[in-house]
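Dear colleague,

I am handing over the structure below, and my notes on it follow directly after. Please read them with the model open beside you.

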Amino acid sequence: MAAFLPISLLIFSACGFFVFVCGQLTDFTLPVKPTVVSGVDVATESLFSAGTSNASEVPTTEFTTSYRKSTAETTTERPTGKEGQKPVRKVLKMEKEDDEGPLKLECPPLGLESLRVKDAQLRASSYKRRGLGPHRGRLNIQSGIDDGDIYDGAWCARYKDKNQWLEVDAQKLTRFTGAILQGRNSIWSWDMVQTYKVQFSNDTLLWKPCMNGSKEAIFEGNQDTETPVLSLFDRPAVARYIRINPQTWYQNGTEGDICLRAEVLGCTLPDPSNVYAWQTEPTESRDKLDFKHHNYKEMRKLMKSVHDECPNITRIYSIGKSYKDLKLYVMEISDNPGKHELGEPEFRYVAGMHGNEVLGRELLLNLMQYMCQEYKRGNQRIVHLVKETRIHLLPSMNPDGYEMAFKKGSELAGWALGRYSYEGIDMNHNFADLNSVMWTAIELETDQSKLINHYFPIPEQYTSEEAFVAPETRAVISWMQNIPFALGANLHGGELVVTYPYDMTRDWAPREHTPTPDESFFRWLAAAYASTNQVMSNPDRRPCHNKDFLRYNNIINGADWHNVPGSMNDFSYLHTNCFEVTVELSCDKFPHASELPIEWENNRESLLVYMEQIHRGIKGVIRDKDTGVGIADAIIKVEDIDHHIRSVADGDFWRLLNPGEYRLTVSAEGYFPSSRTCYVMYDHFPTICDFNLTKTPRRKAKDILAKGGKLPKDLQLLLRQQRMRKLRVTTKAINQRRAAAKRAKRV
């Protein structure tokens with residue numbers, strides 16, 4: 001029978017803890033579970049490996065784990081000798097189908113990578129300088145270009161001995177189950193921890209090591225700087241604090257430093273003494289959505305379930321295939337799916353251009369579920385969006401890359417696995433570079449009236465079959481050309497900021513503010529998303545990696561961040577009518593599934609508010625004055641804004657503009673231009689400005705003759721007058737050139 005002792009007393013048992021609750025001894029020690037270690041390849045990795053890696057390395061306890069294709073089973077090898085016998089060797093064999101998801105972890109990450117763990121919760125024995133402090137010891141944190149600034153790529157100890165440690169304060173009793181380590185992210189340095197120990201405490205005074213049997217466990221660290229390596233503890237440990245204590249590290253002669261980036265796995269235990277539990281940060285969403293990571297098959301299944309639930313307002317279609325023949329599915333949401341309605345603008349969200357930036361994918365899947373549910377409930381905001389907008393959601397532009405990252409899992413995919421297409425193409429640099437075409441024309445053309453500022457044609461060398469263009473990129477370009485989008489956003493991950501065009505600098509500088517003629521409206525769009533995002537709008541948040549975007553109110557011109565030639569945003573602006581921004585949704589490219597409900601809460605309002613911006617500005621229909629038929633391909637010019645748009649097949653158009661007074665001029669081939677002043681208000685609906693164009697006499701004559709008719713006398717007279725007027729202008733110009741030539745000869 002357990003004695004009653006003070007509540008604060010803590011008794012350790014191997015890696016497990018006995019914790020007193022309400023004065024009674026409670027055993028929190030869990031049964032031993034097989035351990036799996038994951039690195040680049042999860043096949044046959046050892047948790048405690050034997051051997052040495054450098055002069056300062058100590059032998060590691062032999063405890064290996066294999067990950068094989070067979071049903072899960074555990075075998076035990078018994079020692080045969082008495083003196084110097086080997087420890088018990090446990091081998092775990094597991095069957096893992098190729099199309100299954102990643103290794104399922106018992107506990108989620110605490111949140112070093114996602115910044116849920118605050119800087120104040122991280123301490124270290126020492127650090128070389130501020131930029132290498134404990135707050136930089138976060139999994140996948142990215143350094144700046146230069147070593148030595150305040151944004152370096154790891155925690156690095158000041159001293160090179162085995163007494164250095166990185167400490168994480170979970171702030172609550174937590175059942176720790178494992179740790180994940182990376183080396184230092186740096187262009188110039190190569191530093192990593194190769195083996196380490198782990199200790200636990202409840203008060204930072206008394207520390208007990210994680211044990212493997214009767215020996216202190218030594219865990220295997222990194223063999224390169226970027227691959228995350230997972231170690232699961234033999235026995236979970238209940239404590240508040242955990243320390244990672246490096247034992248050996250890459251020496252690099254005498255230049256090697258103790259540097260690491262880490263994530264800790266742990267389940268927070270309920271605190272019965274917390275009477276203010278309702279004041280703690282929420283971890284769930286009030287919306288009943290499918291919060292998990294969906295692979296390709298699961299994504300298709302979810303999209304079908306949404307369509308089945310709301311068949312009258314949804315349609316699923318494919319715009320093409322990836323290199324590995326995975327279809328690029330789009331969910332359309334509209335009150336009349338499958339058809340462009342006159343005057344109804346078309347909107348798109350694109351996610352998953354980089355396959356490992358997965359939050360956008362899950363948010364769009366959540367968004368289609370949410371809109372279906374709320375439409376059925378009669379939510380007037382959603383009903384209005386559905387009835388007044390044709391919405392297209394492409395959750396995965398790079399499904400091949402996603403599948404690669406998905407199989408590793410949220411913590412083990414690293415920073416780049418799955419970013420590129422299967423062919424190794426970065427799709428964010430894979431669209432036609434129309435910026436250079438435009439700027440070259442501006443430099444070479446002497447007659448400014450001959451320059452175009454919109455609908456730039458795609459260069460021939462880009463459209464050839466030999467061009468290094470991903471099939472996914474070609475599919476999206478075709479999609480852009482077939483549907484008259486007016487507004488869109490490209491969802492990425494790895495930062496918290498909204499960027500707007502241009503993304504490419506004019507002179508190929510590494511970074512330079514490069515605005516479009518619609519700079520003010522793009523800033524409006526970016527601010528609409530950033531100001532309503534719960535994380536971006538938090539003035540107390542810390543920077544994700546190596547740039548503080550709070551200084552820019554979380555919006556920035558793309559080229560002022562870094563030069564991106566061939567971006568989708570620039571291509572969309574220069575080749576179509578569509579205005580598009582990039583939203584960097586989260587510091588963590590691949591958040592753990594447990595964080596998806598909160599990420600949805602952070603972004604739900606932003607996603608809706610941004611869609612509503614498509615109804616800001618001017619819309620109208622351009623018609624033939626005589627027949628009332630819509631005129632396609634008419635050019636809409638806004639005075640003082642050097643970027644035009646065009647009407648679509650039925651003659652309708654949408655010109656996104658900030659509130660103000662604008663002078664619009666509409667012109668079309670075979671018609672006289674027409675101008676009028678239109679006012680954009682602060683209302684959440686567009687100003688309607690329709691135009692009726694009159695045909696030119698030549699166009700009228702052409703239409704009559706095409707039908708086999710005879711030209712009226714008044715029309716014949718008009719055509720004759722036009723020819724005479726043109727002849728007089730031409731003759732006058734010829735005479736002026738001759739006179740100028742004679743004067744030149746005399747001189």
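Let me begin with a disulfide: the torsion about the S-S bond of C156 and C259 is about 115°, so this disulfide is right-handed. The pair ties together distant parts of the chain, since C156 sits in strand β9 (residues 155–156) and C259 in strand β17 (residues 259–268), 103 residues apart. Their sulfur atoms lie 1.9 Å apart. With the cut-off for burial set at under 20% relative accessible area, C156 counts as buried because its relative accessibility is 0%, and C259, also with a relative accessible area of 0%, is buried too. Please keep in mind throughout that this is a predicted model, and that the values quoted here are computed from it.

The disulfides as a group

How many disulfides does the chain hold in total? The count comes to five, and besides the pair described above I would point you to two others.

One of them is formed by C310 and C372, whose sulfur atoms are 1.9 Å apart. This pair again links distant parts of the chain: C310 lies in the loop between α1 (296–309) and β18 (314–321), whereas C372 belongs to helix α2 (residues 359–377), 62 residues apart. The torsion about the S-S bond of C310 and C372 is about 85°, and the disulfide is therefore right-handed. As for accessibility, C310 is buried, and C372 is buried as well.

The other joins C678 to C689, with an S to S distance of 2.0 Å. Here C678 is in strand β31 (residues 674–680) and C689 is in the loop between β32 (687–688) and β33 (691–693), eleven residues apart. Both C678 and C689 are buried. A further residue for your notes is C578, which counts as buried because its relative accessibility is 0%.

The chain as a whole

The chain has 13 helices and 33 strands, and of its 747 residues 54% count as buried. Among contacts in the chain with a separation of 6 or more, 74% are accounted for by residues 24 or more positions apart. The chain exposes about 34,300 Å², of which carbon and sulfur atoms supply 52%.

The second largest pocket

About 1,100 Å³ of space lies in the second largest pocket. Which residues come closest to its centre? Of the 37 residues that line this pocket, they are W415, E495, N546, W561 and H562. The elements that give two or more residues to the lining are α9 (558–561) and β25 (579–584).

Finally, Y462 is found in helix α6 (residues 460–463). Is Y462 buried or exposed? At 13% relative accessibility, Y462 counts as buried, because the cut-off for that class is under 20%. Leaving aside neighbours within four places in sequence, Y462 is in contact with N430, F431, A432, A467, V469, T473, R474 and I477. Of these, F431 is 31 residues away from Y462 in sequence, while the C-alpha to C-alpha distance between F431 and Y462 is 8.7 Å.

Note on methods:
Residues are numbered from 1 along each chain as its sequence is written. This is a predicted model: local features need pLDDT of at least 70, side-chain atom pairs count only at pLDDT 80 or more; totals for chains, interfaces and linings use all residues. Side-chain values use heavy atoms; hydrogens and water are left out. Helices (H or I, at least four residues) and strands (E, at least two) are DSSP runs, numbered from the N terminus. Buried means under 20% relative accessible area, exposed over 50%, partly exposed in between (1.4 Å probe, protein chains only). Contact means heavy atoms within 4.5 Å. Accessible areas come from the Shrake-Rupley method with a 1.4 Å probe; for residues, only the protein chains shown count as cover. A disulfide is a pair of cysteine sulfur atoms within 2.5 Å. On a 1 Å grid over the protein atoms alone, a cavity is a set of points where a 1.4 Å probe fits but cannot get out, and a pocket is an open set with protein on both sides within 12 Å along at least five of seven lines; lining residues have an atom within 4 Å of a point. Grid points are joined across faces, edges and corners, and a volume is the space filled by probe spheres set on the points.
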